[in-house]
Amino acid sequence: MKRISLPPGVSNSAANVTRREAFRRAAGAGALISLSSLAGFSVSTAEAAGEAIGKLPDHPQWKFLFVSHVNTNPFWVPLRYGAEGATFQWTGSEKSIPAEMVNAFNAAVSSKGDGIAVALIDPTAFNDPVERALAAGIPVVSFNADAKANKRLCYIGQDLFLSGKALGRRIVEAVGKGDVAGFISTPGQLNIQPRMDGASEAIKESGKNIKLDQIATGPTVNEELSRIQAYYTGHPDTKGMYAVDAGSTEGVGKTMAANKLREKGIHAGGFDLLPTTLDAIKNGDLDFTIDQQPYLQGFYTIMVLFVYKISGGLSGLSDINTGLKFVTKASVDPYLSTQSRFEGSSNKEKVLTRSGPIS
């Protein structure tokens, strides 16, 4: 099984410290990461990088800040790798609490950061803070989750509603009719609720006699697993088990395996590429997972903020959809056999060679 490797500066060596705890401590300490893997983002490498990516002039070493939700979740590992190349600070909430994120955002403004990226998981909580940051001359973009009424400059991430519709169409194809569980860690929050809404709409549009029950699982992995297991115990006749977030998807896969539900004709699927999720696909316990490419969400967010700064605000801003890709048993092997920063399974910088046909 692939294992998550944390970014540089997050220790894996302490015998009594789990990876999750190590990540939490580093995030809580506001650890700064300043690397030049994306050549040109550092003063010391700007001249050499200019030859390769557009004759960039010498420039300040700007500091950008990310304000995330559930900021110790292993989902963020490849996203943080994608952001390396600039100096950035990782902050936010450990349990997806908007008020904690707003406090972290306000602290980022007070620190006079050069740009802020925020996951807008609440439709209104960030409106005033973002406007104050913009008024102070600090560019703000959203990543991973977006609120349309917010005045952030642009959004980088998956089209969440459309990805939910794609999930819903897969449910219709696999199940046909009956009761289906839809697991969601934090109902109502804009990083995942649009997916559930999209799935519901696709099922409704199909005209099939399928009832999708939305089940809250909680913001932490342990909560998610226990609530998914409890749901199946109380609903053994369910025809499908699907999830719209990484932790719940992992929990669905484990529940399917523990109860041998594939052998009972129950279908399942979800989102993101946690190692146990990929193993569950390989073993047939999950039919699929949807990749939203977190590495690109970090890479493009930094690129947008960097170009905005270096161009004096004349360029850089763009909504960027990081895409939707189904990973199934037929396509999962490269994810399991390749160790890379792009999926968070290795911290080594290397060029990968693709094997097999392009799909």
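Biologist: Is Asp58 buried or exposed?

Modeller: Asp58 is exposed, because its relative accessible area is 60%; buried means under 20%, exposed over 50%, and partly exposed in between, with a 1.4 Å probe and protein chains only. Asp58 lies in the loop between α2 (46-53) and β2. Keep in mind that this is a predicted model, in which local features need pLDDT of at least 70, side-chain atom pairs count only at pLDDT 80 or more, and totals for chains, interfaces and linings use all residues. Residues are numbered from 1 along each chain as its sequence is written, and side-chain values use heavy atoms, with hydrogens and water left out.

Biologist: How many residues apart in sequence are Asp58 and Ile310?

Modeller: Asp58 and Ile310 are separated by 252 residues in sequence, while their C-alpha atoms are 9.6 Å apart in space.

Biologist: Which residues touch the most other members of the largest nonpolar core?

Modeller: The general idea comes first. In soluble globular proteins, nonpolar side chains tend to be buried together. A nonpolar core here is a set of buried Ala, Val, Leu, Ile, Met, Phe, Trp, Tyr and Cys residues joined through side-chain atoms within 4.5 Å. The largest one has 42 residues, and Phe66, Phe105, Ile116, Phe126 and Phe143 touch the most other members. Its largest share, six residues, comes from α4. Apart from this core lies another, of 21 residues, including Ile215, Ile228, Leu273 and Ala280.

Biologist: What does Phe143 touch?

Modeller: Leaving aside residues up to four places away in sequence, the contacts of Phe143 include Phe66, Trp76, Trp90, Tyr155 and Thr301.

Biologist: How should I read a helix pair, and at what angle do α4 and α5 cross?

Modeller: Two packed helices are described by the angle between their axes and the distance between the axes. Axes are lines fitted to C-alpha atoms, for helices over the stretch in contact, and angles run from 0 to 180 degrees between N-to-C directions. The axes of α4 and α5 come within 10 Å and cross at roughly 10 degrees, so α4 and α5 are roughly parallel to each other. Angles under 35 degrees count as roughly parallel, over 145 as roughly antiparallel, 65 to 115 as roughly perpendicular and the rest as oblique. On the α4 side, Val102, Phe105, Asn106 and Val109 make the contact.

Biologist: How do α8 (residues 221-234) and α9 (residues 246-258) cross?

Modeller: Their axes come within 8 Å and cross at roughly 45 degrees, and α8 and α9 are therefore oblique to each other. Among the contact residues are Leu225, Ile228 and Tyr232 of α8, with Val252 and Thr255 of α9.

Methods
Helix = DSSP H or I, 4+ residues; strand = E, 2+ residues; numbered from the N terminus. Contact = heavy atoms within 4.5 Å.
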